[in-house]
Amino acid sequence: MTPSDNSAAAPHADMATAGIVHIGIGAFHRAHQAVYTDLAMQAKGGNWRIIGVSLRSTDIVDALNAQDCAFTVIERHPDGPKARRITSLSKAIAASRDVAPVLDALADPEIRIVTITVTEKAYGIDRVSGTVQAEHPAVKHDLVNPATPTGLLGILVAGLKRRKQAGIRPFTIVSCDNLPSNGVLLRNGVIDFAKRSDPDLAGWIKDNVSFPSTMVDRITPAATATTLSDARRLTGMDDPAAIETEPFSQWVIEDDFPDGRPAWEEAGAILVHDVEPYELMKLRMLNGSHSLIAYLGQVGDYRYVRDAMANEAFSQLVAQHMENAAATMAPLAGIDFSNYGAELVARFRNPEIAHETRQISMDGTEKLPQRIFAPACDLPQDSKKIGTFALCFAAWMAVMRQRVNTAPGAAAELLNDPRADEIIEALAGYQDAADIYENLAKLPGWMPRQLQDSTFWREAVIERLAMLLSDGADAAITHEINA
Ligand code: CS2
């Protein structure tokens, strides 16, 4: 990326028009795509400013609009923080207040791209079949109320319908969430959603809409009071929308944009024909290790990722897991997995980044399938390498049990998972490792059949869970690295 500085960037004076709608304007978008688009426009121009849509939260929308949507990104470098003002956002809209302006923006012919960061649970698409999850709350609502959608699929399909009716070319849709083959998944979900009310529209989408897959990467902890006071100190401005992030950033994009795109490569994006190997590498090595750190960290009272990485044994375990994850992947031209792993270890160690294990531990039922189950399935079923995957799953179970035991009344909130109610029910009264495993592993539709049928996997997880429950995280870590 272009080196950052501590000055306020000039707004894109000649770029008044928006060309992108982004759905999900949380910290990650502001630290990632908004920065790439900002730099791309500074380098090569183009009417690519972003209309930001928030599906649920209204605070961020109000905060951004009150300051012309400019905001501060603080990069936490080892030699001190650097702040940059980002001006690629043109306005923000809260869909939960009124979806009409969102649909108007989507119908605007100037909008040629819709990018998305809504987190895994907001998709409402079955990962295996690619069809919509009819019981997903937003999907359920939007199938019945297509003119006033509340969720991702409903909004995209309503926007595409308006364009088809008006004879306007569709926009390109870019999922930027940590899901494998995110473009293909979203394409299948959008087409299936449309098919249920309007088969012609579904056919038009199939023939005309491009859904490039992408791999996104930038560690972005939730903003804190320190973020805001640092932003004020570095820029002289109060900015409730300021965020902080690491210096590293990566965006690998399938180059399939029939109606053009910003010159994102000017900001360091890598445009490729096939993103999938990059996605697998990142999901399995970075995100999988993150989940391992998050759940073991929660069991062992490691508040931040950097605390876990400062512990010699924990850090050795993480390196071991990365090696195990690398063994599940085909070679990727130009990438050395062990160098990639070493870079990840250095990023996780960054003492300037206060990334809470609790933050990463949310939504485990959404994250574990691609981070832990899928790679575990790609290993020989009796491989010793399965151990670190089994440990991560066991640690997730231990965290769920710990939270339910700590606050039975508030467990649903504490679990912070879309399937919290099912998890609580599955755990009711069970304290023994084998019982906990049996009940959580059989939550419908998540642990793959191959693992359900594997006695080796079952025993590996139960053994580790028993150790976590009786001796704690540090003992389990020492045991694993010496196994
Ligand atoms: C993390 C990711 O919270 C999580 O699940 O693993 O948000 C991670 O920080 C990003 O994918 C890094 O690019």
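Analyst: Helices here are DSSP runs of H or I with at least four residues, while strands are runs of E with at least two, and both are numbered from the N terminus. The model is a predicted one, in which local features need pLDDT of at least 70 and side-chain atom pairs count only at pLDDT 80 or more, whereas totals for chains, interfaces and linings use all residues. Residues are numbered from 1 along each chain as its sequence is written, and side-chain values use heavy atoms, with hydrogens and water left out.

Helix α21 covers residues 455-471, which makes 17 residues, and from its first C-alpha to its last it reaches 24 Å, close to the 24 Å expected at 1.5 Å a residue; that expected span is 1.5 Å times one less than the number of residues. After α21 comes glycine 472, whose phi is positive, near 90°.

Leucine 468 has a relative accessible area of 5% and is therefore buried, a word that means under 20% relative accessible area, with exposed meaning over 50% and partly exposed in between (1.4 Å probe, protein chains only). The buried residues of α21 are Trp457, Ala460, Val461, Ile462, Arg464, Leu465 and Leu468. An α-helix has 3.6 residues a turn, so residues three or four places apart point the same way.

What do the buried residues of α21 pack against? They pack against α10 (276-300), α15, α16 (386-406), α19, α20 and α22 (473-481). Leucine 468 itself, leaving aside its neighbours within four places in sequence, is in contact (heavy atoms within 4.5 Å) with Leu296, Val299, Leu391, Ala394, Ala395, Ala398, Ala473 and Ala476.

Trp457, another buried residue of α21, belongs to one aromatic cluster together with Phe373, Phe393, Trp396, Tyr437 and Trp446. Rings of Phe, Tyr and Trp (its six-membered ring) pair if their centres lie within 6.5 Å, and planes under 30 degrees apart count as stacked, over 60 as edge-to-face and the rest as tilted. The whole structure holds 12 aromatic pairs. One of them joins phenylalanine 373 and tryptophan 446 edge-to-face, at 5.0 Å centre to centre and with 65° between the planes. This pair links distant parts of the chain, 73 residues apart, since phenylalanine 373 is in helix α15 (residues 364-377) and tryptophan 446 is in the loop between α19 (433-441) and α20 (449-452).
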